[in-house]
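Please read it alongside the sequence and the model.

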Amino acid sequence: MTDMDAETSTHTEPAVDEEVPLFSNLDLFLFSLIVGLVIYWFMSRKKPEHIPEFKKLDTPKLLHAFTSKCFFFLICYQGKNIIVFYGSQTGTGEEFSNRLSKDAQRYGMKGMAADPEEYEMVICITRLSEIKNSLAIFCMATYGEGDPTDNAQDFYDWLQENDDEDLSGLNYTVFALGNKTYEHYNAMGKYVDKRLEELGAKRIFDLGLGDDDGNLEEDFVSWREQFWPAVCEHFGVEALGDESSIRQYELKEHTDLNMNKVYTGEIGRLKSFEVQKPPFDSKNPFLAPVTVNRRLNKGGDRHLMHLELDITGSKIRYESGDHVAVFPTNDSTLVNKLGQILGVDLDVVISLNNLDEESNKKHPFPCPTTYRTALTHYLDITHPPRTNVLYELAQYASDPKDQENMRKMASSSPEGKALYQSWVLGASRNILAILEDMPSLRPPVDHLCELLPRLQARYYSIASSSKVHPNSIHICAVVVEYETATGRINKGVATNWLKNKLVTDNGHKSTVPMYIRKSQFRLPFKTTNPVIMIGPGTGIAPFMGFIQERGWLKQQGKEVGETVMFFGCRHKNEDYIYQEELEEAEKNGVLTQLNVAFSRDQEQKVYVQHLMKKNKEDIWKLIHSDNAHIYVCGDAKNMAKDVQTALHEIGEELGGMTRTQATDYIKKLMTKGRYSQDVWS
């Protein structure tokens, strides 16, 4: 035993009594709890402080104005002096704007393309004159019957409403995009050009008119080649002489990116197809299940189809006469062939990032994504490429002759225009066909993706009434397929994609990304007004909705005016589409007249305009005496013009008018909203 042990065991303290504390731990705990509860009770009796109410701020408008001011200061900071505003419905106006803004670099200037919908145009336009050598270019497309495009509607309204605005000091020019087959050819571009001058702006180059019925690309190139020398002369600058390719985006390949952050076809928000949130529009389409997909025609080589899209739970509303926009995808066969011919792995995840870090447009399409997704969902690979694409790609042709021809086709020389017209447009060569027929041309796939235009939504007249089908939208379309001059079979992107949206019993539902575009093609407000509907072929689509709605109104006990239908097809036993529905509507008195022209069932061709002249007395009485509304849907180039001619002749014969008076009479009906057209070329 150690000394410590011995001491511990032998030494003993004297015993004393232990002192007891006044409060135990439990007492202290209970006392603290009681005090806390009393304090809480007194505090809770205090009246809450009055919080003053502030007027709710209009955040979108404030943000819009703030963005516009930031936009102005930003372009000042970046030294940009050429702003190209675009009004675009199908993407061509935007594409031309990007080309013009890119051109500016070759002339020692800095340009940018801008969507007028994203800015407060009064700030942008009025303050642009503060920048030295500044210029506003407007690429303005006309949509429908002389209307502005969706993204230019607010700008159009502002121009109309602000008579006192002073735009002196603003330099501008306008290139208009339109189609001569339409009644109001290039109306929007012409209006912007005239109105800016009225408000004091200075036009520095003549209005350009592009005609999509002819050769829109040629019109633009010709105008552009005269425009830039005029700009140089006006501002006293010289071209830099640099004709080399200018890349706008740089490639970044991703090797370890989480696939949940990769776009797989969404138009706007990532994963928007997995988690659907209204409202649904062009940047946030609804995935509508296909519930019906049936062939309409009984025979013949063509395929006419009727589809029904389920919009249950989407909160989407539509009216008879509206359009449904669908976002198609390219044929996987074409996409795979492009990958093979360019020797690339289509499943590599990439981003194309704008070299201008301050630009609003960070990527040409949603990124990051794969080449396969970009070529399938985002890029147009089926239309013949425009001349600027050929020019940019020419550098990658190893054969000098191919290089020369591509650059020639991109020029404005008569020989170059003729070659582009015959070899590209006439032969309907898309980018794949060009690569196949030019073995020396093998561009980098990322540059090709930068140059190709965006794949656009396709619009169809809705073939149903929401009064009868509130949760369903009907589409009537003909599948496009034709043989080209080179022996290839070209297929319409959207119609072939829709054709393959089959309805199955295995639980899988085919879906269509869609949204609604409102239209002015409306039944008369007064149900007693007669209506005359003229729509051969798939032009019958909106009238199926009109007929359903007039039938619904009758069922509601409403008085409904005469409802007259002029329909046309090739053969009664082949493509008399919706025959049962039309004959049932006539039997029930919904259609008071059903006139059908079978153009090829007899030696002499018979069209809708012939049946109109055959029924001229009834038509004239309905129009001239009974305040009838006329509706025309279908081909703009021939049918719509022939229908107007027939009405002019009826006006001459039964109205005692000259041809000029009859023409003016029909134009007045259009102005009053009694003659409406939903036509395409």
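## Cysteines

The structure holds zero disulfides, a disulfide being a pair of cysteine sulfur atoms within 2.5 Å. Cys633 is in no disulfide, and the nearest cysteine sulfur, that of Cys476, lies 9.4 Å away. Cys633 is buried, at a relative accessible area of 0%, where buried means under 20% relative accessible area, exposed over 50% and partly exposed in between (1.4 Å probe, protein chains only). Cys232 is also buried, with a relative accessible area of 10%.

This is a predicted model, in which local features need pLDDT of at least 70 and side-chain atom pairs count only at pLDDT 80 or more, while totals for chains, interfaces and linings use all residues. Residues are numbered from 1 along each chain as its sequence is written, and side-chain values use heavy atoms, with hydrogens and water left out.

## Sheet

An open sheet is formed by three strands in the order E8-E12-E13, with antiparallel pairing; strands (E, at least two residues) and helices (H or I, at least four) are DSSP runs numbered from the N terminus, and two strands pair if DSSP finds at least two bridges between them. Strand E8 (249–254) and strand E13 (369–370) are the edge strands, each pairing on one side only. E8 pairs with strand E12 (residues 349–354) over six bridges, and the partner of Glu253 in E12 is Ile350.

## Helix H9

In helix H9 (residues 332–342), the buried residues are Val335, Leu338, Gly339 and Leu342. Because they cover an arc of only 95° around the axis, they lie on the same side of H9, the arc being that of the directions from the helix axis to the C-beta atoms. These buried residues pack against helix H10 (371–378), helix H14 (431–437) and helix H15 (445–451), contact meaning heavy atoms within 4.5 Å.

H9 is followed by Gly343, whose phi is positive, near 65°.
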